[in-house]
Amino acid sequence: MVKITWILLFLLLGFSVKAIDKPQIVHGGVLMQYHHVHISTPSSTSISPDGFSLHMKTIVDEGYRIWPLTKLLDAIATQALLPDKVVSITFDDAYVDIYDNAFPVLKQYNLPFTIFVATQLVGRKGYLTWDQIREMKRAGASIANHTHSHAHLVRMAQDESKAEWISRIRNEIVFAQEIIEREIGPTPKQLAYPYGEYNPEVLALVKELGYIGIGQQSGPASRYSSLLMLPRFPFSGPYSAMKSFRTKLNTLPFPVAETALNPILKNDETPTLSLELLEGNYRVSEATCYGPGGPTELKITDAKQLIARNKTPLPVGRSRYNCTMPATLGNRYHWYSQLWMRKNINQSWYTE
Ligand SMILES: [Zn+2]
């Protein structure tokens, strides 16, 4: 009898060790990005109040862990293992409709959220006031930096030296932070790039100033991401539809060491994105990448290098390559996105 008990115990232990031994899935956290919550603001940056309510109801009802942004960024910065289904709610630009149409829903569910404010715009027509921002902060919001004047940080003015440009964008960031702290108190150094635009000089400055930088290229943020250009999923206009909303909330990070490519195209208008995949549970043979106009050319080497290049030159303006590949288990996708910016033919900047 004793012998049988020991054998049973041994088997049980063996099985449990085996269960623990399973390769670990690295989860990311999805930074949800909104701008307007309104029916009659520009569609490309808006979600309707009903659409927003449905998004919030979905993440609450379906068991997502809705973390304050700082908690998620701290976890990523310390390389902590994230649990599954972590999301964080963010708004850019501090439009007044956040207070009118989103805040009542967020309050109803008691959800944390972050507003990235361009401080010069606060109090103007159509934007939040500091009193409204303070009220939302008392109810669980955090306020973070979106520069002072919502400048295109990557754009050096024609009459500016490089040193003057860097000094100007340094002031954009530092001044905005001072105003935020004067109005609402100490706040973590988190910067959302206006228009999601960055380049190597901007990243170097943001690093020097000690900020975490947040972009607008899509994908879940994870231990694989650079803390200077964390991805977010925009949920506005056509990107707010429920089917793609669920797919995006369930994405897994691309197991790849982040490469800080210069997204500003110089001579090559058809840039190449090359990703070196680390070990993981994915089906690389089913990877696809999309650029403007459809699927890109895609080469997958034996060494698990994924090389994507658009079939045609990229258009003037901002565009992205979005790569996905299915996970081995479950109906889920790994997602990676790369920003590109192409100037006008005469090397002037495109108008926004
Ligand atoms: Zn903005």
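**Overall fold and zinc site**

Of the 352 residues in the chain, 50% are buried (under 20% relative accessible area with a 1.4 Å probe, counting protein chains only; exposed is over 50%, and partly exposed lies in between). The model is predicted, so local features need pLDDT of at least 70 and side-chain atom pairs pLDDT 80 or more, whereas totals for chains, interfaces and linings use all residues. Residues are numbered from 1 along each chain as its sequence is written, and side-chain values use heavy atoms, with hydrogens and water left out.

The chain comprises eight helices and 18 strands, these being DSSP runs (H or I of at least four residues for helices, E of at least two for strands) numbered from the N terminus. Its radius of gyration, 22 Å, is close to the 20 Å of the globule rule for 352 residues, so the chain is as compact as a globular protein of that length; the radius is taken over C-alpha atoms, and the rule is 2.2 Å times the number of residues to the power 0.38. Along the principal axes, the C-alpha atoms fill a box of roughly 85 × 50 × 40 Å. Among contacts (heavy atoms within 4.5 Å) between residues at least 6 apart in sequence, 64% join residues at least 24 apart.

The zinc ion has as its protein donors Asp93 (OD), His146 (NE2) and His150 (NE2), at 2.0 to 2.1 Å. Donors are N, O and S atoms within 2.8 Å of the metal (3.2 Å for Na, K and Ca); water is not among the atoms, so sites may look incomplete. The donor residues follow the spacing D-x52-H-x3-H in sequence. Histidine 146 is buried, with a relative accessible area of 0%, and histidine 150 is buried at 14%.
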